[in-house]
Structure formats: C-alpha cells, structure tokens
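Welcome, and grab a viewer. Please work through the exercises on the structure shown here, then compare your notes with the solutions.

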Amino acid sequence: MKDWNDWNWQLANRITTLEQLEKYTDLTKEERVSIKEASFRFTWAITPYFAGLIDRTDRHCPIRMQVVPTAEELFDDAGVADPLDEEKHAPVELVIRVYPDRVAFCIGNRCPTYCRHCLRKETMVGKPDREFSDDKVAAGIRYIREHAEIRDVLLTGGDPLMMPDDRLEDIIRRLHAIPSVEVIRIGSRAPCTLPQRITPELCKMLEKYHPIYLNTQFNHPREITPEAEQACARLASAGIPLGNQSVLLRGINDNLPTMKKLCQQLMRIRVRPYYIYQCQTLTGTRHLRTPIERGLKIMRGLQGYTSGLAVPKYVLDTPYGKIPIAPSYVVGREGNKMVLCTYNGNIWREENPPEEQNVSQPQEMPQPSASCACSSDRL
Ligand SMILES: *Cc1c(COP(=O)(O)O)cnc(C)c1O
Ligand code: SF4
C-alpha cells in the first residue's frame, strides 16, 4: 500500500478516537469509559502502523498497554509532574543542562505515538502540538555556542523526527558548525512507532553531519518487525550508531525472558542496548512502575547469560543525573585477596595488587565527596 508506507499518511491517520481504536482492538464497555476518562487529562495518539501491532484479543497486550490510555492514569498519589526538575535545569527555555559536558535540546513537543509512560507527559510532550518557534531554537543554539564546554548535544523533545527534513537539517547544520560541539545525538522513537519516517532521504541528510548517533526506544520484542528492521538498517548503513533506551514497565517487559529476547533481537537489527530506565515516579504511571529489585534481578539474568554487547545499563534518572543501578559481583576481601562472584555463582579469589604508596592520584580522577556513601573505601 503506497499510503501506508508514507510517514505523513501515518501521521495524518493517527488513532485518536474510540471508534478508530476499535478497528484494532476489542474494547469492553468499561474499557471505553476508562479510555474516555483518561483522555480528558492526557493526550493520546497512535500511528496506524503501531496500532496494527496490538493483539486484538489480549487485554494485557504489551503494545496496547504502552499506548492506549486507561483510567488507572488518574489514580496515582505518589507521582509528580516533573520528577527530574527539568524546568529548574533549563538555562534557556529548550535546553536542559544537568551535566557540564552535554545537554538535552528539546526542539519539538510532538511524537508519532504518545507513550503512557512518557517522562515529559505533564510538562511538554502531548500538550497541544506545537513546533517550537525559530526564536526559541535560535536562543538554544546560541547558548550552546557560547558554552564551549558543551561537546555533546542530544536532540530530543518530543521527537525531533516529527519535523520535516529541511527544518531538522537547518538545526543540525547550525549545531554541527559550532567547533566545540563534537557529537550530535538524536533521541527518537520513530524507528519503533513510525519506521516509515526513516527514509533514504533522511539518512542521506543525516550522514552529512557525522558523528551523528541515534538512540531509540524499543520496549518489547514484538516491536521488532520487518519495518523496524529496515528503518534501523538504513540508519546503520548511513554510519549512524544506534542505541536503545527502554523503560522497565510493569506487566510489559519486567521479566527476564522478555527483556533478554528484546536485547538479543535488538542486536540482530544492529541496535545496541544502551539503557533500561527505571520508570520515573511520574504522574499517571503508578500501574506501570515496577520494584527496583525486579530490575536488578533482570540485570543479573542478563549479565553473563548473553553477550556483553546485549546487556544495557539499568539506570535511574534523577534531577542530579542518571544513577547506574547494578548488582554487585564483589563479595568482599580476604587478606590481600578480593573475593568475587561469577555470573553463575562461582566464587573467585583474586590476588589484589596493593595501591602504590607515594603515587599521587591523577588530577582528573573524581573523588566522591566526603558525604557520599558510595566511596570505594566501604568495600
Ligand atoms: C540523559 C541525559 C543526557 C545524556 O546522558 P547520557 O548518559 O550521556 O546518555 C544529557 N542531558 C540530560 C539532561 C539527560 O537527561
Ligand atoms: S516517544 Fe518518548 S518523548 Fe514521545 S511520548 Fe514516548 S516517551 Fe515521550
């Protein structure tokens, strides 16, 4: 079908009403009410392509649960609107700066499909669709130019690939021209929810501005379709390293077999698993949040049981930056031996070379602050 493969057709025909949704999934009377109630509060829209992945009869379909709103979003007393305090970290309107050497630059607030777990669902994404004005974008670029310590710019939003190629190119070209910007990264879920967006023309444009990296978000192995595979192949063939940032979601992917299969299938389509995010304590996501212990168990079940390349980092994002949450394989010390544990439970004692006296630490080695409990001395 010619239109189906046209990304603008996919956007123009997004599912935003119950009547349209019922072409893709069966709904009970209660579910219809539930979706209606949630839609007064939160935006929803689903590309026909992504809706087509919904299993019609499965009420707990992992695709459906990510994108079809439910009244459960209205019952969340712990969640807050802006868990990362991003509004406080914006030196100019569209730039979020938490780290000295890199920024997130939010150049739009629209997405092909709105995720129920979206981190910015209250602050930016899915508010009335708008393209941020040229003036605001120019102010962001100026800020990045004037702060030469920023060497890595992550284009995000919203989805930067919602804009037409020429507008996106204009922004990338201006960033690329800044001598202190060494790397441009794009955060986009289009390879997963709108793979038709990844056209040969887009890839040809992007490859002029290398190094360009793209991180996407696949959350379930069922999302890895021939269309997604083709989109990723086009990007990878344009020399764009691909990473995946999945979100750990209750009842969707918070079990080892699903996560392992996802990571392995991503490797097959040339996407390197990069992060698994702990779902933020964010308004309207209580039903999707899962205990950190579950995430740790999944990490234990990945490490060593599959290729290290297929093992992402499990992270919690906070207003102060991302914190890796990792199981420890260090058991303790015996004399001058370090006791370690292999992935499958074997104990290994390793002769531990002594710290040389009188050798000063290299200047750039950051020391944990005195108050930080994670100091390595606690071993
Ligand atoms: C996640 C994030 C980045 C990029 O972080 P990496 O860990 O380098 O991928 C940059 N800025 C902000 C504000 C972020 O939240
Ligand atoms: S694609 Fe990303 S920014 Fe867009 S709705 Fe989903 S999580 Fe939010």
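The exercises below concern a predicted model.

**Exercise 1. The ligand site**
Find which residues surround ligand 2, and sort that shell by residue class.

Solution.
- Step 1: Locate the ligand; ligand 2 sits in the largest pocket.
- Step 2: List its neighbours, counting a residue if one of its heavy atoms lies within 4 Å. The shell consists of Cys-111, Thr-113, Tyr-114, Cys-115, Cys-118, Val-125, Arg-189 and Gln-217.
- Step 3: Sort them. Five are nonpolar, two are polar and one is charged.

**Exercise 2. A helix pair**
Describe how helices α11 and α12 are arranged: at what angle do their axes cross, and is the crossing left-handed or right-handed?

Solution.
- Step 1: Take α11 as residues 256–268 and α12 as residues 292–302; their axes come within 10 Å of each other.
- Step 2: Read off the crossing angle, which is roughly 55°.
- Step 3: Classify the pair. Angles under 35 degrees count as roughly parallel, and 65 to 115 as roughly perpendicular; α11 and α12 are therefore oblique to each other.
- Step 4: Assign the hand: α11 and α12 cross in a right-handed sense.

**Exercise 3. Backbone checks in loops**
Inspect omega for the peptide bonds Gly-157 to Gly-158 and His-210 to Pro-211, then phi for Asp-85.

Solution.
- Step 1: From Gly-157 to Gly-158, omega is near 15°, and the bond is cis. Gly-158 belongs to the loop between β3 (152–156) and α7 (165–176).
- Step 2: The His-210 to Pro-211 bond is also cis, with omega near 0°. Pro-211 lies in the loop between α9 (200–206) and β5 (212–216).
- Step 3: Asp-85 is not a glycine, yet its phi is positive, about 55°. Asp-85 is placed in the loop between α5 (62–67) and β1 (95–96).

How values were computed: Residues are numbered from 1 along each chain as its sequence is written. Chains are lettered from A and ligands numbered from 1 in the order in which they are written. This is a predicted model: local features need pLDDT of at least 70, side-chain atom pairs count only at pLDDT 80 or more; totals for chains, interfaces and linings use all residues. Side-chain values use heavy atoms; hydrogens and water are left out. On a 1 Å grid over the protein atoms alone, a cavity is a set of points where a 1.4 Å probe fits but cannot get out, and a pocket is an open set with protein on both sides within 12 Å along at least five of seven lines; lining residues have an atom within 4 Å of a point. A molecule sits in a cavity or pocket if more than half of its atoms lie within 2 Å of its grid points. Ala, Val, Leu, Ile, Met, Phe, Trp, Tyr, Cys and Pro count as nonpolar, Asp, Glu, Lys and Arg as charged, and the others, Gly among them, as polar. Axes are lines fitted to C-alpha atoms, for helices over the stretch in contact, and angles run from 0 to 180 degrees between N-to-C directions. Helices (H or I, at least four residues) and strands (E, at least two) are DSSP runs, numbered from the N terminus. Angles under 35 degrees count as roughly parallel, over 145 as roughly antiparallel, 65 to 115 as roughly perpendicular and the rest as oblique. A crossing is left-handed if the near helix is turned anticlockwise from the far one by less than a right angle, and right-handed if clockwise.
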